Amino acid sequence: MKSEKLIFIVDDDPFINNLIVKRFSADGFKVEAFETGEDCIKAIGNNPDLVILDYFFVSNGRQFMNGMEIFQKIKEKKPKVPVIMLSGQDKGEIVLELARKGIDDYIIKDNNLIDNLQNAIQDLFSRS
């Protein structure tokens, strides 16, 4: 899947960021990683083709936007950019709320994360 598409990954876990950057860069995507939503919002003018966004950010005493707040800011600035939400949460009510707000896909952080993410990305980009 060769592509010059730009993907943003926004996750406070450096392991997840590195894993996604390495995996999808190998597929020919340009991937930029951010540890906070605030950093992603600052770079949104780079016009990503997709944003992969963590749902929950650990603050360690600092105040950060959560995934839903970041999602809403992204949609204010770039309403057409698709967003895939990542989370360790598998609660149905959270997934339903996110779907109602317009999230394009929701992927649980588990052992199938990369495979599920690859399928979601292929599906999204084949539609556009």
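Is Glu93 buried or exposed? Glu93 is exposed, with a relative accessible area of 52%; exposed means over 50%, buried under 20% and partly exposed in between (1.4 Å probe, protein chains only).

## Basis of the model

This is a predicted model, in which local features need pLDDT of at least 70 and side-chain atom pairs count only at pLDDT 80 or more, while totals for chains, interfaces and linings use all residues. Residues are numbered from 1 along each chain as its sequence is written, and side-chain values use heavy atoms, with hydrogens and water left out.

## Fold and dimensions

The protein has 5 helices and 5 strands, taken as DSSP runs (helices H or I, at least four residues; strands E, at least two) numbered from the N terminus. From the N terminus on, the order of elements is β-α-β-α-β-α-β-α-β-α. The radius of gyration is 13 Å, close to the 14 Å that the globule rule gives for 128 residues, so the protein is as compact as a globular protein of that length. That radius is taken over C-alpha atoms, and the globule rule is 2.2 Å times the number of residues to the power 0.38. Along its principal axes the C-alpha trace spans about 40 × 30 × 30 Å.

Of the contacts with a separation of 6 or more, 63% are between residues 24 or more positions apart; a contact means heavy atoms within 4.5 Å.

## Surface and charge

Buried residues make up 45% of the 128 in the protein.

The protein carries 17 positive and 21 negative charges, and their mean positions are 6 Å apart. Lys and Arg count as positive and Asp and Glu as negative, with His and the chain ends not counted; each charge is placed at NZ of Lys, CZ of Arg, CG of Asp or CD of Glu.

## Nonpolar cores

A nonpolar core is a set of buried Ala, Val, Leu, Ile, Met, Phe, Trp, Tyr and Cys residues joined through side-chain atoms within 4.5 Å. The largest one holds 25 residues, of which Phe8, Cys40, Val51, Leu53, Ile74 and Leu98 touch the most other members. At least two residues of this core come from each of β1 (6-10), α2 (37-43), β3 (50-54), α3 (67-77), β4 (83-87) and α4 (92-101). The largest share, 4 residues, is supplied by α3. Apart from this core lies another, of 19 residues, among them Ile9, Ile114, Leu117 and Ala120.

Leaving aside neighbours within four places in sequence, Phe8 is in contact with residues including Phe34, Cys40, Ile44, Pro48 and Val51. Ile70, found in helix α3, counts as buried at 0% relative accessibility. With the neighbours within four places again set aside, Ile70 is in contact with Gly37, Ile41, Leu53, Phe57 and Met65. The C-alpha atoms of Ile70 and Ala43 are separated by 13 Å, at 27 residues apart along the chain.

Asn47 lies in the loop between α2 and β3 and has a positive phi of about 55° although it is not a glycine. At 43% relative accessibility, Asn47 counts as partly exposed.

Glu38, in helix α2, is also partly exposed, at 26% relative accessibility. Glu93 lies in helix α4; Glu93 and Thr36 are 57 residues apart in sequence and 24 Å apart in space, C-alpha to C-alpha.
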